[in-house]
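Hi,

Here is the structure I promised to pass on to you. Have a look at it first, and then read on for what turned up.

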Amino acid sequence: MIDVTALTRTYAGHRAVDDVTFTALPGRVTGFLGPNGAGKSTTMRVLVGLTPATSGSATVLGRRYADLPNPGREVGVLLDASAQHAGRTGLETLRIAARTMGLPARRADEMVERVSLTGPEARRRVKNYSLGMRQRLGIATALLGDPEVLILDEPANGLDPAGIRWMRDLLRGFADDGGTVLLSSHLLHEIEVVADDLVVIGQGRIVAQGSKAELLTAAGTLVRSPGVAALAQALEAEGVHVAPVGPDGLRVEADPDLVGRIALASATPLTELRAADGAGLEEMFLELTADTARESAPEGVAA
Ligand SMILES: Nc1ncnc2c1ncn2[C@@H]1O[C@H](COP(=O)(O)OP(=O)(O)OP(=O)(O)O)[C@@H](O)[C@H]1O
């Protein structure tokens with residue numbers, strides 16, 4: 001269980017994290033999603049005591065991370081895979097971490113297997129590791145103490161498709177066994193597949209949160225029609241909010257059933273009518289973060 005309440009972290013007057021509140025529950029994977037610079041890493045750094053909060057609180061298993069007696073046994077953390085000691089081998093890294101946590105050395109060997117590093121890879125110095133191998137080593141370190149909670153910042157960075165699949169299965173299994181997983185990403189698709197709950201952040205502020213199912217439902221209906229203008233008018237006359245999608249489509253904040261009935265009543269032909277899930281979540285993410293993403297065009301400039 002992770003609890004973040006009214007958390008604010010300011011750097012030189014800039015609110016990197018601004019009044020953020022969310023919970024990550026046991027048995028669920030919570031995806032922490034936002035564009036670059038949104039405040040994900042800062043929130044996670046506060047959670048694990050690497051950066052103090054300016055105000056608000058962040059607790060893991062009901063306590064501040066710094067107050068956990070043996071944090072590695074309770075919380076597995078992967079914040080920056082490139083922060084590992086470059087001159088040590090992977091196995092040495094794990095053995096030292098095991099000793100620090102009071103675990104037997106064989107636990108390190110078990111973790112090497114768990115993250116599918118080969119024997120020769122585990123005996124190679126970390127400076128010669130690929131980014132994907134560093135991520136696997138970082139995940140092995142996080143899992144070493146058999147924690148209840150995992151906090152992972154962009155863990156899929158550098159993993160190939162098979163590695164991403166492997167990590168997804170690992171996180172799913174961890175949550176299914178009752179663990180709490182908080183993982184961040186700036187890529188919706190990466191998170192969409194594995195997360196049960198989503199917390200979306202832009203410019204330090206939460207812009208949406210809820211179960212993936214809820215957020216998908218909130219994405220409404222996608223409808224296309226050769227008479228799209230008339231359809232938009234009919235829907236709006238019923239008090240239903242619409243937004244254009246392409247030349248002949250609308251995204252409608254209502255169920256497909258209601259949209260179909262209004263189309264029938266207004267005798268407007270339809271070429272497509274469906275729940276706007278999947279693509280809807282992506283659109284929602286882009287919309288929610290468009291104001292905050294650095295890629296968005298400045299006001300008054302055509303994109
Ligand atoms: N130590 C620091 N000093 C000053 N500003 C900082 C510091 N750490 C983070 N920031 C600023 O806080 C904001 C949030 O950064 P953060 O790294 O938390 O974002 P993020 O969502 O993790 O982004 P990314 O996806 O790029 O990793 C950014 O504007 C960043 O420049």
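The ligand is surrounded by Tyr 11, Ala 16, Gly 34, Asn 36, Gly 37, Ala 38, Gly 39, Lys 40, Ser 41, Thr 42 and His 186, where a residue counts as near a molecule if its C-beta atom, placed from the backbone, lies within 6 Å of it. By class, this shell holds three nonpolar, seven polar and one charged residues. Here Ala, Val, Leu, Ile, Met, Phe, Trp, Tyr, Cys and Pro count as nonpolar, Asp, Glu, Lys and Arg as charged, and the others, Gly among them, as polar. With three residues, helix 1 (residues 40-47) gives the most to the shell. Helices (H or I, at least four residues) and strands (E, at least two) are DSSP runs, numbered from the N terminus.

Before going further, please note that this is a predicted model: local features need pLDDT of at least 70, side-chain atom pairs count only at pLDDT 80 or more, and totals for chains, interfaces and linings use all residues. Residues are numbered from 1 along each chain as its sequence is written.

Contact means C-beta atoms, placed from the backbone, within 7 Å; axes are lines fitted to C-alpha atoms, for helices over the stretch in contact, and angles run from 0 to 180 degrees between N-to-C directions. Seven bridges link strand 1 (residues 2-11) and strand 2, and Val 4 has Phe 22 of strand 2 as its bridge partner.

The other open sheet has six strands in the order 5-6-7-3-8-9, with mixed pairing. At its edges lie strand 5 (75-78) and strand 9 (205-211). Strand 6 (residues 149-153) and strand 7 (residues 180-185) run parallel, joined by five bridges, and Leu 150 has Val 181 of strand 7 as its bridge partner. Helix 7 (residues 161-176) packs on this sheet, touching strand 3 (29-33), strand 6 and strand 7.

Finally, the domain assignment gives domain 1 (2-209) and domain 2 (220-276), with bounds that come from an automatic or database assignment. Their centres, taken over C-alpha atoms, are 42 Å apart.

Best wishes

Notes: Two strands pair if DSSP finds at least two bridges between them. Two residues are in contact if their C-beta atoms, placed from the backbone, lie within 7 Å.
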